[in-house]
Amino acid sequence: QVQLVESGGGLVQAGGSLRLSCAAPESIFSSYAMGWYRQAPGKQRELVARIHSGGSTNYADSVKGRFTISRDNAKNTAYLQMNSLKPEDTAVYYCNAQRYNGFRFDAYWGQGTQVTVSS
């Protein structure tokens, strides 16, 4: 059973910052793309940011310029630095590890961490 352990959520005022962390097993971290998704009440889960094993990144348009995803291969940990937070960023944030094995995507999820941005 692969476990992704998230931390760093909480309550912050609009304009503030938070940093989320996601620790993954050493056995998968280096070869998997790491991503952050979020799900707000009544909405579908959406991709926020992804960093591939080679270091390239993708961001949702809504967070470009405000959020930064990174990975520390020595610590087997991915991070999401969130700046200039807005109330619409309020959601449960989920860490994801994903890899295409030639036939399908292998994917693992964290348990989710709540981020609440007050206006």
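Predicted model: local features only at pLDDT ≥ 70, side-chain atom pairs only at ≥ 80, totals over all residues.
Let me start with a definition: buried means under 20% relative accessible area, exposed means over 50%, and partly exposed lies in between. Keep that in mind.

First stop, Ser84. Ser84 sits in the loop between E8 and E9. Is Ser84 buried, exposed or partly exposed? Its relative accessibility is 39%, so Ser84 counts as partly exposed. Now look at the backbone. Ser84 has a positive phi of about 50 degrees, and it is not a glycine. Most residues other than glycine have a negative phi.

Asn76 has a positive phi as well, about 55 degrees, again without being a glycine. You will find Asn76 in the loop between E7 and E8. Here the relative accessibility is 16%, and because buried means under 20%, Asn76 counts as buried.

Next, the core. The largest nonpolar core has 29 residues. Which residues have the most contacts inside it? They are Met34, Trp36, Val48, Phe67, Leu80, Met82 and Tyr93. The largest share, four residues, comes from E9. As a general point, nonpolar side chains in soluble globular proteins tend to be buried together.

Let's zoom in on Phe67. Leaving aside residues up to four places away in sequence, Phe67 touches Val48, Leu80, Met82 and Tyr93, among others.

Now strand E3. Ser21 is in this strand. With a relative accessible area of 15%, Ser21 is buried. What does Ser21 touch, beyond residues up to four places away in sequence? The partners are Val5, Glu6, Ser7, Trp36, Thr77, Ala78 and Tyr79.

Last stop, the disulfide. The structure holds one. Cys22 and Cys95 form it, with their sulfur atoms 2.0 Å apart. The pair links distant parts of the chain: Cys22 is in strand E3, Cys95 is in strand E9, and they are 73 residues apart. The link is left-handed, with -80 degrees about the S-S bond. Are these cysteines buried or exposed? Cys22 has a relative accessible area of 0%, so Cys22 is buried. Cys95 is buried too, also at 0%.

Technical notes:
Residues numbered from 1 in each chain as written. Heavy atoms only, no water. Core = buried A, V, L, I, M, F, W, Y, C linked by side-chain atoms within 4.5 Å. Buried < 20%, exposed > 50% of the residue type's maximum accessible area, 1.4 Å probe, protein only. Helix = DSSP H or I, 4+ residues; strand = E, 2+ residues; numbered from the N terminus. Contact = heavy atoms within 4.5 Å. Disulfide = S-S within 2.5 Å.
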